[in-house]
Amino acid sequence: MSFAAGFKPVELSLLEKLRLLNWPFVLVVGLVALVGYGTLYSAGGGAHAPWALRHGLRFGVGLGAMLVVALIDIRFWFRCAYVVYGAALVGLIAVEFAGEVVMGAQRWLDFGLFQLQPSEVMKIALVMALARYFHSAYLEDVARPLRLTVPSVLALLPATLVLKQPDLGTSVMLLAGAGAMFFLAGVRWWKFALLIGAASAALPIIWQQLRGYQKQRVMTFWDPERDPLGAGYHIIQSKIALGSGGLWGKGFLEGTQSQLSFLPEKQTDFVFTMLAEEAGLIGALGLLFLLLVLVGYGFVFALRARNHFGRLLATGIATTFCLYVVMNVAMVTGLVPVVGVPLPMISYGGTAMMTVLFGFGLMLGVDIHRDVAIPRFPVDHD
């Protein structure tokens, strides 16, 4: 077994890893979580319960886990990529048979002390598996359609299981994240154009397969006023809150739409709207800037990595995180239908936060082990 040209085996001590750890990135993560704590404190009417305190405790545990993940040799995560994916897939299958039903959706596994949402775990697990697969594939390999069969199955299988829960938003995010990984691996743009064209042609069939409430969401997206007190209520109240915040906001704990409970799901899906009402456009843009900084760090980590797995992993996780943000903000501003995507580290939710912090730990690990060699085992060439 030989290392790629220019690589030498690198073994780092714990002190060296701590020195290489990107502490400014950790600081920005903490700032975003602090904004989330304050927003959930306001959502609770100026009380730590029921959301802010749990949010803070979960972040504390997740932050410790993030640092531990970052210090583990990146080659360990390379070897475990398919195992993590398999575990997440087993979790999705288990949801089909023993999942907890909450608000009409069967997405959670109840372990007594905590509930786990396997679909959130799969967002990172899928990136890991695809990074592992494409690490060993060269441009001439991804140019062959048959070589894309395995990664396509890796993406379509969990997306289909998640769609059955039903969770359209997460299913779309899984496919979008996988599409980004395919593009990063070198799949040509015209293949994406063909896929999009085929999907567009199949829209009538897809429409017939949607459930009633999913069709209602699409119709409401086009015309929220058609049912202002029913299906269109969420997005109408969200837009009112966004507009009433103005440039500087109404002030902490002073948002009328949220404090008077006109704004629904203010602690989860519409938490960004609540923040924008109280902190205004300036506060909302400030939060988006911090989130953009985290995405930018991910791409910087990828550019500095000398192994292909690390480059794909860091870029894939940064892209997935960016999709979280874009989907949530687009949803609450009426640019896309309401599909139930949380705002990472701001929205209340345990599995989503832990998954994001686990992904950040992997990104930090890529940067710490940027000079660690991971041999590329080329696939057989015809």
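This is a predicted model: local features need pLDDT of at least 70, side-chain atom pairs count only at pLDDT 80 or more; totals for chains, interfaces and linings use all residues.
## A walk through helices, loops and a buried methionine

Glu-265 is found in the loop between helix H13 (256-259) and H14. Most residues other than glycine have a negative phi, and most peptide bonds are trans. Glu-265, although not a glycine, has a positive phi of about 50°. Its side of the story continues with accessibility: Glu-265 is partly exposed, at a relative accessible area of 27%.

Met-345 also deserves a look, with a positive phi of about 65° although it is not a glycine. You will find Met-345 in the loop between helix H15 (308-332) and helix H16 (350-368). Met-345 counts as buried, because its relative accessibility is 2% and buried means under 20%.

Pro-50 sits in the loop between helix H2 (23-43) and helix H3 (52-71).

Here are the backbone angles side by side.

| Site | Angle |
|---|---|
| Glu-265 | phi about 50° |
| Met-345 | phi about 65° |

Next comes H14 itself. Helix H14 (residues 271-304) has 34 residues, yet its end C-alpha atoms are only 34 Å apart, whereas a straight helix would reach 50 Å at 1.5 Å a residue. H14 also has a kink of about 125°, centred on Gly-280.

Now to a helix pair. The axes of helix H7 (residues 149-163) and helix H8 (residues 168-185) come within 8 Å and cross at roughly 170°. H7 is therefore roughly antiparallel to H8, since angles over 145 degrees count that way. On the H7 side, the residues in contact include Pro-151, Ala-155, Pro-158 and Val-162, and among their partners in H8 are Leu-168, Leu-174, Ala-178 and Phe-182. The residues of this contact divide into 12 nonpolar, three polar and no charged.

Two residues of that contact, Pro-158 and Leu-174, are also touched by Met-122. Met-122 lies in helix H5 (residues 118-135) and is buried, with a relative accessible area of 0%. As for Phe-59, it is 63 residues from Met-122 in sequence and 20 Å away in space, C-alpha to C-alpha.

Conventions: Residues are numbered from 1 along each chain as its sequence is written. Side-chain values use heavy atoms; hydrogens and water are left out. Axes are lines fitted to C-alpha atoms, for helices over the stretch in contact, and angles run from 0 to 180 degrees between N-to-C directions. Helices (H or I, at least four residues) and strands (E, at least two) are DSSP runs, numbered from the N terminus. Angles under 35 degrees count as roughly parallel, over 145 as roughly antiparallel, 65 to 115 as roughly perpendicular and the rest as oblique. Contact means heavy atoms within 4.5 Å. Ala, Val, Leu, Ile, Met, Phe, Trp, Tyr, Cys and Pro count as nonpolar, Asp, Glu, Lys and Arg as charged, and the others, Gly among them, as polar. The expected span of a helix is 1.5 Å times one less than its number of residues. The bend at a residue is the angle between axes fitted to the seven residues ending there and the seven starting there. Buried means under 20% relative accessible area, exposed over 50%, partly exposed in between (1.4 Å probe, protein chains only). Lists of a residue's contacts leave out its neighbours within four places in sequence.
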